[in-house]
Every structure is written in structure tokens, then in C-alpha cells.
Amino acid sequence: MKTCLHALIFTSVIIVFPLLMPTVKAAGIGDELTTQDIHFLESFTLSKLPPLPASPSNLYADNMDAARLGQIFFFDAGFSKNKKVACATCHQPKHYFTDGLPRGFGIAQTKRNTLSLLSAAYSPWQYWDGRKDSLWAQALEPLVDKKEQGFSRDQVYKRVQKQYRKDYEAIFGDIGKATPSSVTRVFVNVGKALMTYQRQLKLQPARFDIFVEALKTKEAVSDYSQTEFNGLKLFMGKAACVSCHNGPLFTNFEFHNVGAPEPNKQEVDLGRYTAVETLRTDEFNCLSVWSDAKKQQCEEIDFLKAQAPELVGAFKTPSLRNVAATGPYMQAGQLATLEAVIDHYNKPLPPYYDPKQHPNRPHFDVLPLMLSNVEKKELIAFLRTLTSAISDDDPWWKDPS
Amino acid sequence: MIKYLFFGVLFFASHGFAQANTSSQVALQSNGKMLMASASRLIDASEKLKQEAKQTISQSHQLRKRIQKNQQQGIPNKVLKQRIADSKMLQQLGSRLRQQAQKLSEEALLLLRQGLIIEQQHWIQHTTPFRLNMGANTIRKSVGAHNTVARSAHPKMEKLIALPTLQQADDMSMTLASPPPQKMPDNIDLGTFQLSRNKTYFAHIEAETEHKPSSAHLVQLNTMHTWRLILTTRLGEPVQNAEITFNGTMPGHVHGLPTQPRVTKEKAPGVYEISGVKFQMRGWWVIDLTVEANTTYSQKPDTLRFNLHL
């Protein structure tokens with residue numbers, strides 16, 4: 001199915017694209033833009049990506065030895081019940097650290113679509129519903145989730161002790177005897193190493209970034225087409241995508257209900273509404289004993305909004321970096337193609353509402369766009385310019401073994 | 001009866017003004033609490049005038065009803081004319097009283113503000129409305145977080161949902177999406193000094209800025225920051241150990257702040273630190289602070305409302 005989908009996208013690129021490709025010379029694209037326009041567009045480029053956010057809850061967040069060990073853990077299927085599932089099973093470098101499936105599949109199928117890791121280090125919240133407040137806390141869940149890696153904390157401890165003891169102790173100190181507290185400490189440190197590794201994953205400039213750079217310097221050459229440029233203007237204007245997808249990673253990292261089709265009407269997904277409770281009571285949140293942060297460094301969870309009607313059925317705005325190569329889309333992969341996504345936004349239906357299951361009528365965040373068929377195609381053409389090259393020569397993108 | 005009322009009105013109006021004038025004159029020499037005490041008397045006067053206005057207008061309504069009956073009963077024209085004139089006069093009187101009351105209350109607010117600034121000069125750094133810091137990396141003239149105008153509704157309601165608006169800056173060729181405009185009233189008070197709804201408390205809010213006191217009153221979008229609340233009774237007495245709840249909403253956008261701010265410290269009597277404030281969107285914000293406290297002035301909860309335009 002995955003191959004089919006990719007073939008389909010690929011064919012549509014080959015067939016549709018040349019038809020849409022205008023005859024205007026690329027050098028003239030964007031000539032009408034003012035300095036302010038270019039300044040505005042620049043705020044979306046990777047050159048404006050700030051340094052990685054500080055991570056007070058993980059003391060090892062910038063420790064390169066921890067990053068290297070984390071990389072080994074990331075690709076090690078030995079951390080799973082059936083010895084077949086690693087983090088990299090669902091987060092595959094060749095798919096921009098996603099899996100190309102509607103929903104993640106480790107030992108069994110999960111409830112949600114696999115998110116790319118390439119912008120994760122910048123997000124204050126992890127997962128679609130933001131139920132974890134750090135990448136290390138997030139990394140712990142799949143290890144012991146029955147549908148993902150299906151391991152236990154004890155098994156994680158044993159594997160580290162048997163396989164990685166020397167490297168582990170060089171970074172984190174004595175592994176300790178297998179007491180419950182040592183076992184959990186090792187488990188937590190595996191998460192911290194995995195986080196540190198993920199902080200090393202960098203994006204290469206996409207065609208969009210190169211285009212804006214060319215506009216800025218007036219020297220660099222860009223092959224941006226009129227169709228793509230029209231799509232860019234729609235993205236920022238009429239289509240209003242920019243309302244949520246803004247900044248260099250094309251996301252505001254906030255939670256919204258966009259009325260994506262309810263994947264399971266018998267058991268509705270309340271998204272952020274449920275996640276805030278999980279977050280508050282999470283054994284591994286920023287305020288927990290396993291976090292290295294001081295209380296005042298845990299502002300996001302300390303001032304967490306725990307109750308509001310707009311949390312019902314809301315999910316995190318995903319980054320649009322590499323969006324054309326990371327379908328299917330939405331929290332449960334309900335929409336297979338970018339075309340389906342744009343169609344949804346063009347004529348959104350209000351979110352499914354079942355008074356028996358929803359605490360209140362979901363807050364609805366999307367307005368119809370009234371885009372023409374040509375405009376829809378232009379918008380998709382623009383979205384395709386957000387795809388970076390697969391970083392084949394970047395050692396962090398590879399299995400180190 | 002009408003004449004009696006008229007004099008009463010004049011008495012209150014002139015009484016109030018006399019006080020206001022004197023208060024303004026002594027502003028520089030007196031201490032803050034004296035100013036606030038004068039202001040408090042003005043508030044009482046203003047409230048009384050408002051009451052009178054209400055009564056006068058209601059009398060005018062009653063008289064008009066009587067006139068309607070009289071017309072059916074065939075009362076002599078002369079009497080009827082007099083009554084119509086009386087009713088009109090009462091109506092005008094009522095609206096004049098209301099204006100006077102409004103003037104007095106505005107004067108009182110100015111005095112309260114002046115008084116609090118003198119009283120709490122150590123803590124008050126900013127007296128101007130909040131503004132958004134449009135740093136180089138902030139998206140100019142553009143977009144906030146989303147396009148909310150309505151909660152989900154029946155599919156038939158789709159027609160009622162407006163399109164996102166577009167705007168174009170003078171120095172840009174691109175049109176940018178912006179959130180649906182909010183209908184913020186033109187004459188809205190964006191001041192950071194406000195009297196509570198039931199006139200119990202007077203308070204000031206400001207963002208704690210890192211810069212020197214002279215720097216502008218700026219807040220950054222999508223950045224958690226801290227506010228300072230200075231809370232006194234309307235007589236200028238600091239309100240201590242108050243229970244304060246913070247609620248921020250965007251009218252017309254059906255959503256609030258992305259965080260739940262709360263009081264984290266009382267730094268000095270009546271000086272509170274409110275942490276966890278974060279704005280994710282430009283536009284009109286309404287901040288309601290519900291205050292419960294045990295003061296000699298009042299024990300009832302009261303609400304302070306601040307309007308911000310970011």
C-alpha cells in the first residue's frame with residue numbers, strides 16, 4: 001500500500017507537473033516582491049531556525065557521547081520483545097523519520113500516525129496530543145508499549161547492563177544493582193540518550209529555502225516555478241495555512257481541532273483534552289524526580305492549561321517540512337494524500353460531535369478556503385518545495401552498527 | 001416635585017465638581033492615599049447621581065404612560081401639553097445626570113490612578129498600555145495562531161462561517177492571511193489601571209520587563225512572562241492575601257490563553273507576581289481577575305477587567 005501510494009505521488013509529479021509548469025523564466029519569479037516581502041518570507045527559512053532550545057530536564061542533552069550512544073539505541077531492535085522493533089522501525093531515515101503508514105506499526109498497529117522527528121527537538125510537547133513534555137520522556141513510552149517495542153523496564157536495564165555497560169557508565173555513572181530505582185534510572189537515561197541523539201538530526205535547505213535565499217541575494221539561482229510561487233502566495237494569503245504553520249519549521253506547536261474525520265466514532269479521540277491529565281500525572285514529566293530541571297524551569301507544565309473547551313479533539317500542528325514525502329496525514333493517517341488534505345481544508349466539515357463522549361462541543365478551528373482546482377494544485381506544488389534532500393552523507397542519519 | 005428633584009440634581013453635580021477641582025489642584029502636594037480617598041468620595045457622588053438619573057428617567061417613563069392614558073380619557077389640551085413638557089424635561093434631566101455621573105467617575109479614575117502611582121511608585125514601572133514587541137523575528141503585520149470564529153456546528157451552519165480576511169501592508173506586495181477581525185469597541189479603555197466592577201478594588205497590572213524602568217511596556221508573542229499586579233481597595237489600602245483567579249480570552253475567537261497563569265508570590269503587601277502569562281495571538285484580549293479578600297472595605301468577591309490590544 002505504501003509503495004502504491006508513493007508510486008501514485010511519483011506518477012502524479014511526472015504527469016501533472018510538466019503540464020502545470022509555466023513558460024516564465026525562473027529568474028523572473030518573485031521580481032515584484034518588496035524588501036519587506038522577502039524579509040517576511042525569510043522568517044520561514046531554515047536560516048532563521050534558532051539554536052536548539054535548552055533542555056533543563058535532561059542534563060545530557062548536549063553530551064555528544066550520549067548522542068552517539070542514543071544513536072545506537074535508536075537503531076537497536078534488541079530493545080523489543082520480538083527483537084524486531086527499534087525506534088527506527090517507525091522512524092525511518094529514508095522516510096524523513098516516519099514510516100509512510102497511516103498508523104505506526106511496531107509489534108502491532110498503534111492508534112496514531114508516526115510523526116517525523118526532524119523538528120521534534122524544537123517542540124515543547126511531544127506526540128500528536130502533546131502528552132509528553134520532553135523528548136526523553138516521550139522516548140520511554142514506545143519502549144514499553146505493548147503495541148510498539150513491548151519491552152519492560154527490567155529488560156531495558158538488562159540489555160544496557162549486558163550490551164552497553166561500559167559506554168553507559170562512562171556517561172551516566174555506575175549502573176547500580178537491579179533495584180527498582182536503579183532500573184528506572186537506567187530506563188530514564190536510555191530515554192535521555194535517545195533525546196540527545198534526536199537533537200543531532202538536522203534538515204538540509206529545501207527548494208523553498210534556496211528560493212528565498214536567491215530572492216535575498218539576487219545572485220543565487222533558483223529554479224522555482226510560477227506555479228510554486230503562486231502556491232507560496234496562497235499559503236501565506238488566501239489559503240491561510242500560515243495561520244498555524246508558521247516559522248522556519250512551519251508550525252506554531254499549538255493544539256487545534258481542524259475537524260479531521262473521526263477515526264473511530266465508537267471511541268472518539270479527545271486529543272489534547274485527555275493529554276493534559278496524562279501530562280500532569282506523568283511519572284516522567286519536567287516536575288518529576290527523574291527530571292534534572294528545577295521547578296521554575298518547568299514553566300510549560302507548571303502553567304499548563306488543564307481545562308478549556310478548545311482542548312477537546314485538538315492535536316498539535318505538525319511541521320510541514322518534508323510534508324509531501326511524509327504522508328499519510330492527520331493524527332490517525334485518515335487522509336492519504338496532500339490532495340485529500342487540501343480538499344478537507346477547502347470544505348471542512350465541523351468535527352464529529354457525540355454528546356455522550358465529548359465533554360463539550362469541539363471548538364472548530366478551520367474555515368472554508370474556496371480554492372479553485374488550479375489554486376489547489378498550486379498550493380500542493382508549493383508544499384512539495386518544502387522537501388529537503390535525504391541526508392545520506394550525514395552520519396546521524398545512519399544506523400551506526 | 002419635579003422642581004425639587006431638579007435642585008437635588010444640581011446640588012450633587014456641583015458638589016462633585018467642586019471636590020474634583022480641589023482634588024486635582026492638591027494632587028502634587030498630597031499623598032496618594034488622600035487622592036484616592038477624594039476619588040472614593042467622587043465615586044460615591046457619581047453613584048448617587050447615577051441612581052438619581054435612573055429614578056428621573058423612570059419617572060419620565062411613568063409620566064409618558066400616564067399621558068397615553070390621559071389622551072384616551074380626553075384630558076384638556078393644556079394639562080396634557082404641560083405633562084408632555086414635564087416628561088421631556090425629566091428625560092433630559094436624566095440623561096444630563098447620567099453624563100455628570102460619567103464625568104465624575106472619569107475624574108475619580110484619574111485621581112485613583114494618580115494616587116496609586118504616588119502610593120506604589122516603588123513597584124510601578126509602566127503606566128502605558130501593553131504593546132507587542134515586534135522584534136525582527138516576529139511575523140510582521142500577520143497572522144496569529146489560527147482562524148477561529150465558531151465552534152463546530154451542524155454542517156448546515158457552514159454558510160455562516162466567514163472567510164479569513166486578507167490584509168496588505170503598505171510596503172509589501174503580498175497579501176497575508178490574518179485572523180478574522182474582532183469587533184473591538186472604538187472607545188475601549190486599554191488602561192492598565194482599573195476599578196473593579198463593584199467599585200471595591202483599584203488595581204494596576206504590568207508586564208515585568210527585564211529592561212530599565214524607562215523602557216517600553218512590551219510583551220513578546222509566544223513567550224511565557226510574568227506580570228505584576230498592584231491591588232488596593234479604592235481607598236488605596238493594599239489588599240493582602242487575596243485569592244486571585246486569572247482568566248484571559250479573545251472575544252470573537254472563542255478561545256483563551258494557551259497557559260493557565262496564576263499568582264505565584266505576594267512580593268509586598270498588595271503587590272502580586274502573576275506567572276505563566278503567554279499570548280499566542282495578536283489582537284484584542286480581555287483579562288478578568290476575580291479577587292476574593294478579607295478587607296475592612298469589603299469581603300465580597302469582585303472582578304477587575306483589563307482590555308489589551310496587542
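This short talk walks through a few parts of a predicted model, starting with chain B and ending with a helix pair in chain A.

Hello everyone, and thanks for coming. Please keep in mind that we are looking at a predicted model.

Let's begin with chain B as a whole. What does chain B contain in the way of helices and strands? There are three helices and 14 strands. Of the 310 residues in chain B, 47% are buried. If you take the contacts in chain B with a separation of 6 or more, 73% of them are between residues 24 or more positions apart.

Now to the sheets. One open sheet in chain B has five strands in the order 5-6-8-12-11, with antiparallel pairing. At its edges you will find strand 5, residues 193-195, and strand 11, residues 262-268, and each of these pairs on one side only. On average, neighbouring strands here are turned by 25 degrees against each other, ignoring direction.

Strand 11 of chain B pairs with strand 12, residues 271-277, in the antiparallel sense, and five bridges are found along the pair.

Strand 9 of chain B, residues 243-250, deserves a moment of our time. Where do its side chains point? They alternate: B:Ile244, B:Phe246, B:Gly248 and B:Met250 point to one face and are buried.

Strand 9 of chain B is joined by seven bridges to strand 13 of chain B, residues 284-292, and the two run antiparallel. In strand 13 of chain B, B:Thr245 has B:Thr290 as its bridge partner, and B:Thr249 has B:Val286. Strand 9 of chain B also runs antiparallel to strand 10 of chain B, residues 255-256, with two bridges joining them. There, B:Met250 is partnered with B:His255.

One loop before we leave chain B. B:Asp171 sits between strand 3 (165-167) and strand 4 (176-178) of chain B. With a relative accessible area of 34%, B:Asp171 is partly exposed. The C-alpha atoms of B:Asp171 and B:Met184 are separated by 26 Å, and the two are 13 residues apart along the chain.

Finally, over to chain A. The axes of helix 6 (residues 153-172) and helix 7 (residues 180-198) of chain A come within 9 Å and cross at roughly 65 degrees. These two helices of chain A are therefore roughly perpendicular to each other. Their crossing is left-handed. Residues making the contact include A:Tyr157 and A:Phe172 of helix 6 of chain A, and A:Phe187 and A:Ala193 of helix 7 of chain A. By type, the contact residues of this helix pair divide into 10 nonpolar, three polar and three charged.

Definitions and conventions
Residues are numbered from 1 along each chain as its sequence is written. Chains are lettered from A and ligands numbered from 1 in the order in which they are written. This is a predicted model: local features need pLDDT of at least 70, side-chain atom pairs count only at pLDDT 80 or more; totals for chains, interfaces and linings use all residues. Side-chain values use heavy atoms; hydrogens and water are left out. Axes are lines fitted to C-alpha atoms, for helices over the stretch in contact, and angles run from 0 to 180 degrees between N-to-C directions. Helices (H or I, at least four residues) and strands (E, at least two) are DSSP runs, numbered from the N terminus. Angles under 35 degrees count as roughly parallel, over 145 as roughly antiparallel, 65 to 115 as roughly perpendicular and the rest as oblique. A crossing is left-handed if the near helix is turned anticlockwise from the far one by less than a right angle, and right-handed if clockwise. Contact means heavy atoms within 4.5 Å. Ala, Val, Leu, Ile, Met, Phe, Trp, Tyr, Cys and Pro count as nonpolar, Asp, Glu, Lys and Arg as charged, and the others, Gly among them, as polar. Two strands pair if DSSP finds at least two bridges between them. Buried means under 20% relative accessible area, exposed over 50%, partly exposed in between (1.4 Å probe, protein chains only).
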